[in-house]
Amino acid sequence: MWARYPSQPAVRAGSGVARVVAMAVIGAHVDSTDPLSAAETADAGAVQFFLADPQGWKAPLEHPQAEQLRASELAVYIHAPYVLNLASLNNRIRIPSRKLLGQHAAAAGAIGAKGLIVHGGHVTTDDEVDKGLDNWRKTFARAAEDGGFGLPILIENTAGGNHAMARRFDRLAQLWDVIGEFGPGFCLDTCHAHAGGEELADIVDRVLAITGRIDLVHANDSRDAFDSGADRHATFGSGQIDPSVIADVCRAAGSDVIVETPVEGQPADIAFLRTALS
């Protein structure tokens, strides 16, 4: 029924574009101290981790396993710190965010990462939305003038906030209207979509219609109800999303998958997806 998109060539059968389904590489978000051992423990084919304090503004240092990560067969993804807000109108937040994004992109590239995930950010009022969108455009435009980021920047949909850039998909479409020319990537989080009020049943089609690509899926159950705005991940089957629906999203997207569920449940969550997608 499903096939893949551009470099993932992909769209649903019958929608006018044929997609080719590729076998997903399934992995986990792990502690940055020893991602290689963590991957082995979780039986993960991919890892995602932070290169610095996710709640801090310090530049990342060279990772002690950089050489081994580059030499490994693992797919590596890096998540930018949560504090980044590239849409903000506050110069004391936006300017350091741009600088830190560039630093993390360089550090992620140095370990052979396939992408750097960053949240869409937010503004504080409806009147600021257009300026927030333009701030994202300026981020990519200035990077392009300097030769680009060196690896894909994967913008992730978020769960909460009435003035978020990537919670509601009508706003996401506005964002892509101003940054699409720069070829940004997209990371689809199932928990964030559910908690953010976006139905999962047809979500891959709707995302592809906006972004043209899904580079990564964050496969997470949600502790909280639909449209709650709460970003609380849960182990598959312990939250509000049917695990088969999560698997359906992963299958339709055809991209690599990272589970960001609690560590103790990650091996079972990965095993479930491997079986469901095989």
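1. First, the ring criterion: rings of Phe, Tyr and Trp (its six-membered ring) pair if their centres lie within 6.5 Å, with planes under 30 degrees apart counted as stacked, over 60 as edge-to-face and the rest as tilted. By that rule the structure has six aromatic pairs.

2. A quick caveat: this is a predicted model, where local features need pLDDT of at least 70 and side-chain atom pairs pLDDT 80 or more, while totals for chains, interfaces and linings use all residues. Residues are numbered from 1 along each chain as its sequence is written, and side-chain values use heavy atoms, leaving out hydrogens and water.

3. Take Phe50 and Tyr82: the ring centres are 5.3 Å apart and the planes sit at 75 degrees, so the pair is edge-to-face. It links distant parts of the chain, 32 residues apart, with Phe50 in the loop between strand S2 (46–49) and helix H2 (66–71) and Tyr82 in the loop between strand S3 (75–79) and helix H3 (91–110). Helices (H or I, at least four residues) and strands (E, at least two) are DSSP runs, numbered from the N terminus. Phe50 is buried at 11% relative accessible area, whereas Tyr82, at 39%, is partly exposed. The cut-offs are under 20% for buried, over 50% for exposed and partly exposed in between (1.4 Å probe, protein chains only).

4. Trp176 and Phe186 have ring centres 5.9 Å apart and planes at 80 degrees, so they are edge-to-face too. Trp176 lies in helix H5 (residues 169–179) and Phe186 in strand S6 (residues 185–189). Both are buried, Trp176 at 7% and Phe186 at 0%. Elsewhere, ring pairs tie Trp136, Phe140, Phe149 and Phe182 into a cluster.

5. Now strand S4 (residues 115–119): five of its five residues are buried. Gly115, Ile117 and His119 cover one side, Leu116 and Val118 the other.

6. S4 runs parallel to S3, joined by three bridges, and His79 has Ile117 as its bridge partner in S4. The chain goes from S3 through H3 to S4 in a right-handed β-α-β crossover. Right-handed here means that, with the strands pointing away from the viewer, the path from the first strand over the helix to the second runs clockwise.

7. Four bridges join S4 to strand S5 (residues 153–156), again parallel; two strands pair if DSSP finds at least two bridges between them. In S5, Glu156 is the bridge partner of His119. S4, helix H4 (residues 129–145) and S5 also form a right-handed β-α-β unit.
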